[in-house]
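Subject: A structure for you to look at

Hello,

Here is the structure I promised to pass on. Please open it next to this email, and then read on for what was found in it.

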Amino acid sequence: MTRTRAAIAAALVATLVLASAFAPGALARGSTTIAVGDNFFSPSSKTIASGTKVKFNWVGDSKHDVVKKRGPGGGFSSGITDQQGVNFTKKFKKVGTYKLICSIHAEDMKLKLTVE
Ligand SMILES: [Cu+2]
């Protein structure tokens, strides 16, 4: 009986570990995409693993850019464009919290990237 219980408990733990690995909102690895819209980033907050490549995909009609406001390492800027599609890709290696904005719509367009 105890052995069966232990086996069930072990199976349950394994299931939970697997489920959390594939759950939505789990840590992004490899590459992930952030939408750059009129006037928003979607999602506006994301946690990624160090070394993850972030693709910024312009989906709106207005001009936008992606500019680093705060965070580890040097500054960067995508340049302003209204062309749709992935106009900017950046690999985040340094662990920490990054605050990114669109310089044109800085009040509305804020993105918090947490790199673990
Ligand atoms: Cu903008």
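How far can you trust it? The mean pLDDT of the protein is 87, and 78% of its residues reach 70 or more. Over residues 12-21, however, the pLDDT is below 50, and this stretch has two contacts in the model beyond near neighbours in sequence. Where pLDDT is low, the predicted coordinates should not be read in detail.

Now the overall layout. Of its 116 residues, 18% are buried. Among contacts with a separation of 6 or more, 51% are between residues 24 or more positions apart.

Next, look for an open sheet of four strands, with the order E3-E8-E7-E5 and mixed pairing. Strand E3 (45-48) and E5 stand at its edges, each with a single partner strand, so one side of each has no neighbour in the sheet. On average, neighbouring strands here are turned by 30 degrees against each other, ignoring direction.

You can follow two of the pairings residue by residue:

- Strand E5 (residues 67-70) and strand E7 (residues 96-101) are antiparallel, with three bridges between them. Val67 has Ile101 in E7 as its bridge partner.
- E7 also runs antiparallel to strand E8 (residues 110-115), and six bridges join the two. Gly96 is bridged to Val115 in E8, and Lys99 stands opposite Lys112 in E8.

What about the inside? The largest nonpolar core has 16 residues, and those with the most contacts inside it are Ile34, Val36, Phe92 and Leu113. As background, nonpolar side chains tend to be buried together in soluble globular proteins.

For a contrast, go to Ser77, in the loop between E5 and strand E6 (85-92). Is Ser77 buried or exposed? Count the other C-beta atoms within 10 Å: there are 12, and a residue with 12 or fewer is exposed, so Ser77 is exposed. Leaving aside neighbours within four places in sequence, Ser77 is in contact with Asp65 and Val67. The C-alpha atoms of Ser77 and Val67 are separated by 4.4 Å, although the two residues are 10 places apart along the chain.

Finally, which peptide bonds are worth a look for being cis? One runs from Asp38 to Asn39, with omega near -15 degrees, and Asn39 lies in the loop between E1 and strand E2 (40-42). Another joins Ser42 and Pro43, with omega about -5 degrees, and Pro43 is in the loop between E2 and E3.

Enjoy exploring, and write back with any questions.

Best wishes

Methods. Residues are numbered from 1 along each chain as its sequence is written. This is a predicted model: local features need pLDDT of at least 70, side-chain atom pairs count only at pLDDT 80 or more; totals for chains, interfaces and linings use all residues. Two strands pair if DSSP finds at least two bridges between them. A nonpolar core is a set of buried Ala, Val, Leu, Ile, Met, Phe, Trp, Tyr and Cys residues joined through C-beta atoms within 7 Å. A residue is buried if 20 or more other C-beta atoms lie within 10 Å of its own, exposed if 12 or fewer, and partly exposed in between; C-beta atoms are placed from the backbone. Axes are lines fitted to C-alpha atoms, for helices over the stretch in contact, and angles run from 0 to 180 degrees between N-to-C directions. pLDDT is the predictor's confidence in each residue, from 0 to 100. Two residues are in contact if their C-beta atoms, placed from the backbone, lie within 7 Å.
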